[in-house]
Amino acid sequence: MPGARRQSIMKRTLGALLGLFSAQVCCVRGIQVEQSPADLILQEGANSKLRCNFSATVSNLQWFHQNPWGQLINLFYIPSGTKQNGRLSATTVTTERYSLLHISSSQTTDSGIYFCAVKSQCSPGTCSLYTNPQLGSVPLPATTTS
């Protein structure tokens with residue numbers, strides 16, 4: 001059947017392309033957070049780098065992945081330095097106020113939305129991690145120290 005054949009070809013073609021989207025994040029409690037690139041589409045097997053810039057000193061930075069089914073996955077908690085987990089690695093340089101997320105040899109399972117969340121340095125009990133308010137995200141649970 002020509003229709004079934006065409007659908008099979010489309011599935012193979014779409015399966016070879018990955019849509020990686022990094023959400024723009026705006027100002028939260030006086031910290032401006034911006035990710036780049038805003039949108040990214042790449043071929044399976046390609047390498048990718050996402051950057052998160054922040055305008056003030058932060059005490060915590062996390063990278064998240066939301067897959068096409070809506071599942072939110074915490075990739076890295078990385079206040080500073082470099083961490084690696086399989087094909088993913090993240091580096092945070094607090095003195096230069098940025099973090100990078102590297103995805104090597106991308107796979108179709110990498111498709112989704114990627115974003116960083118930061119926690120500003122402030123008084124105990126008054127800080128929360130915030131994600132992109134433009135996407136309808138809500139604050140993550142507040143962290144406090146006793």
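Strand E5 and strand E6 (residues 72-77) run antiparallel and are joined by five bridges. This comes from a predicted model. In E6, Ile73 stands opposite His65. Five residues lie between the strands in the hairpin of E5 and E6. Within that hairpin, Gly70 takes a positive phi near 90°.

E5 also pairs with E10. The sense is antiparallel again, over eight bridges. Val58 has Ser120 in E10 as its bridge partner.

A search of the whole structure finds one aromatic pair. Phe64 and Phe115 form this pair, and it is stacked. Planes under 30 degrees apart count as stacked. Phe64 belongs to strand E5 (residues 58-66) and Phe115 to strand E10 (residues 112-120), so the pair ties together parts that are 51 residues apart in sequence.

In E5, seven of the nine residues are buried, and the strand is mostly covered. In E10, eight of the nine residues are buried, so the strand is largely enclosed by the rest of the structure.

One further ring contact involves a charge. The charged end of Arg51 sits over the ring of Tyr98. Its distance from the ring centre is 4.1 Å.

Note on methods. Residues numbered from 1 in each chain as written. Predicted model: local features only at pLDDT ≥ 70, side-chain atom pairs only at ≥ 80, totals over all residues. Heavy atoms only, no water. Phe/Tyr/Trp six-rings, centres within 6.5 Å; stacked < 30°, edge-to-face > 60°. Helix = DSSP H or I, 4+ residues; strand = E, 2+ residues; numbered from the N terminus. Lys NZ or Arg CZ within 6 Å of the ring centre and 35° of its normal. Buried < 20%, exposed > 50% of the residue type's maximum accessible area, 1.4 Å probe, protein only. Pairing = 2+ DSSP bridges.
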